[in-house]
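Work through the following exercises with the model open. Each task is followed by a solution in steps.

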Amino acid sequence: MSAPILTKDPVVKDRRPRRPRAGAPHLPDGEFGKNLRRNITAHGFLIGAVLCFAFFSWYPIVREFLLAFQKTEDGNVSWVGWDNFVTVWNDPAFGQAWRNTLWFTVLALILGFVVPFVTALIINEFRHGQGYLRLLVYLPVMLPPTASVLLFKYLYDPGYGMFNEMLGVFGVPAQQWLQDPDTAMLSVVVASTWMNMGGATLIYLAALQGVPGELYEAAELDGAGLLRKVWHVTVPQTRLILLLMLLMQIIATMQVFIEPFLLTGGAGPEGSTTTVVYLIYQYAFNFNNYGAAAALGLLLLVLLAGFSAVYTRLNRAEQD
Amino acid sequence: MRRARFRRTRRAGAVTLASALTLTALAACGTSSSSDDDGDNGSGNSAKADPAAPLDPKTKVSITIDCMPPAAKAAELRQWNEDVKEFNKKYPNVSIKGRSTPGQCLEPPRFTAMLKAKSQPDVFYTYFTDLPQVLDNDGAQDITAYVNDKSVPLLKDIDPDVLSSLKKDGKLYGLPTSNYRMGLLINRKLFTEAGLDPDTPPETWEEVRTAAKKIADLGGGVAGFGEYSAANTGGWHFTAQMYSLGGDVVDASGKKAAFNDATGKQVAENLHAMRWDDDSMGKTQLLKWGDLQKQIATDKLGMFLAAPDDVTYMVQQLGAKYENFGMGPIPGGENTLAGGNNYMIKQGISADKVKASIAWLNFKFTTVGKGQYDWKRSKADALPVGLPQPNLWLNGSKTKDDAARKEFATMPVENFKAFTDNPVPGKAEPPKAQEIYKVLDNVMSGILTNKDADIGKLLSTAESQVNKVLATQ
């Protein structure tokens, strides 16, 4: 079969170039339509994705903004201005929840930032069996979070938990890990770090393996020991990924919920593990006060968004 | 050209008409249950004329009912279907359409959403504490005029305390299906092993403390007495203990906390002493609903405050045996926390639907020997028979029902004799209950997790927090 003969289109008579409309980008005739036809499958997929995002992500975000200024406790939804924020502000648990969340974030940064980085450094030093070690470190991430948390609940149990059994071997008296207001949050952070460090470790490891070997060789020639090599070569070379991970970790830890909820029933001893997200959960699902829940959620969102913006700006300025 | 335009116009018109019809049909579907005249009430006019008259057996009407047992509860579902058949012998034209919910029948978030969307069934399930929320949403029909000794013949024998939870300003908004009053649940095996008499559970908090110590002395990680202190259940039980000593958590005005007094201190000090001086409450704390049940079902706990239906949960879900448990009245015995469930009828449905709903509720839930009170059938279906609750009855109905429970019991009913023979007045939950419980969780967790807890400070902090909660009503 021969190729079709291309002839002039008899229907199109007027071939003078048209003047583009004011303000509209100039597109050659039929360009948009052609593009649309050529990428019809891609557009089909795109529409699906946009609809899904619109329905399940963007609409709830917009709704959250609206809900924060509405009252939904009686039959009719009504606008109440800042009332929900006042309610949340006056809640006795408000201050405690923020203090606890910040305390969790600080502890999680100390443990959850340093431990995966040091682990990645150690794994990076191994010449053989790195794949194995990577798998071992990543295994806890593959467990369902609830299973991991319940595992730690057993380990921490003051009556029959493994941690106290181990301490007993050395003659150390049993500890009230989750039951003591002073140690409850730290215990939660330890469990959380164990559960989540696998992913961070792999990212650090990838960053470490991108550091050129000759830099270490040069440092060694200058007489640098291990710590100096880490401080003067590794850290500057992986600085960007470290900053990014720090930012992501802060955002993630400020939203902590599952670990305290399952380990200490949410509030914890004397409210020592009540977090902001747990308080949001309480408003929404225990008190049916969706307006207050949305208001508190909005406060958290604004704080995290503001923090992210400032941090990104600082980061960009530093790069320039 | 004109023809083409006309065709387009005609097509557009047809589409518009079809859309309008579809929308109308959808709208009609959405509001059919709230319509006052949905075409299936053959004698609707007469019914409207006299709400006090029972449903005419010839009436053709269809009603939707919440909480039909799910397929997983095979025996309960079979009983439901049998009851529908039996009911239809008298009312052949009443169509009962059950709606089943897997798991817990009433989940507060789902319930709230349902009320707001006005999508509740014609007959919907509620807790005793739900009435204010339902009325705020204009959800329930005032059925005062419909409920009388003709439509509910045993009305006079229903415990007035139970009925009062369904009333507001003298108007009745539902019919009860079950009720509970909290008591002291004991593990008979551990009581016997500790040299205690399981037929006479402790009646005072001092006796509880002594018994708990004896049971804990058995060793092997056994706790004598257990308490919750997480997920709002700690506050709930602190409230129950306050009631048991004649105290309260909120004063009569409903505006001020009332637990920071001698009674509150007594409750807190007793628990602190049991936990730390006697070491009789186990080392694991921050427990919530379900945790103590697991402990007592596995013979690791001697006693805790519970309602009789906890025993059903322990037997059916945790594999425990009925004969291992017994109940006494709540120690202290001044008041006990009471609660339960009921059905309400959706506001705005036709008078005949209301009458049919009441006829069904009466048949299924408030007739001795029928429906849920058909103990002979429950025994045949291997369901629990012999628990002291639900017990809505007084007078002759109580005598008759108690006798049937005993006759068809699937468990030793005498194990609950101490509880049934010593009824304690029931008292409802405080206003803003869940928010107050959240605050009081801190008191409970403080006492049970901190040996050096400052009880005075815990109570006064909680008092100021509860006052703030109540001030924002």
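**Exercise 1: the interface**

In this predicted model, about 2,400 Å² is buried between chain B and chain A, with carbon and sulfur atoms giving 51% of that area.

Task: Find which residues of chain B lose the most area to chain A.

Solution: Start with the contact, which takes 27 residues from chain B and 34 residues from chain A. On the chain B side, Lys116(B), Leu286(B) and Lys438(B) lose the most area, together 22% of what that side buries.

**Exercise 2: polar links and elements**

Task: Locate the salt bridge between chain B and chain A, then state which helix of chain B gives the most residues to the side that touches chain A.

Solution: The count is one salt bridge. Lys438(B) and Asp91(A) form it through their side chains, at 3.3 Å from N to O. Eight residue pairs are in polar contact between the two chains. Helices 4, 5, 17 and 18 of chain B each give two or more residues to this side; helix 17 gives the most, with seven residues. By class, the side has six nonpolar, 13 polar and eight charged residues.

Note on methods:
Residues are numbered from 1 along each chain as its sequence is written. Chains are lettered from A and ligands numbered from 1 in the order in which they are written. This is a predicted model: local features need pLDDT of at least 70, side-chain atom pairs count only at pLDDT 80 or more; totals for chains, interfaces and linings use all residues. Side-chain values use heavy atoms; hydrogens and water are left out. Contact means heavy atoms within 4.5 Å. Buried area is the accessible area (1.4 Å probe) that two parts lose on being put together, summed over both. A salt bridge is a side-chain nitrogen of Lys or Arg within 4 Å of a carboxyl oxygen of Asp or Glu. A polar contact is a pair of N or O atoms within 3.5 Å; within protein, one must be able to donate a hydrogen and the other to accept it, and residues adjacent in sequence count only if both atoms are side-chain atoms. Helices (H or I, at least four residues) and strands (E, at least two) are DSSP runs, numbered from the N terminus. Ala, Val, Leu, Ile, Met, Phe, Trp, Tyr, Cys and Pro count as nonpolar, Asp, Glu, Lys and Arg as charged, and the others, Gly among them, as polar.
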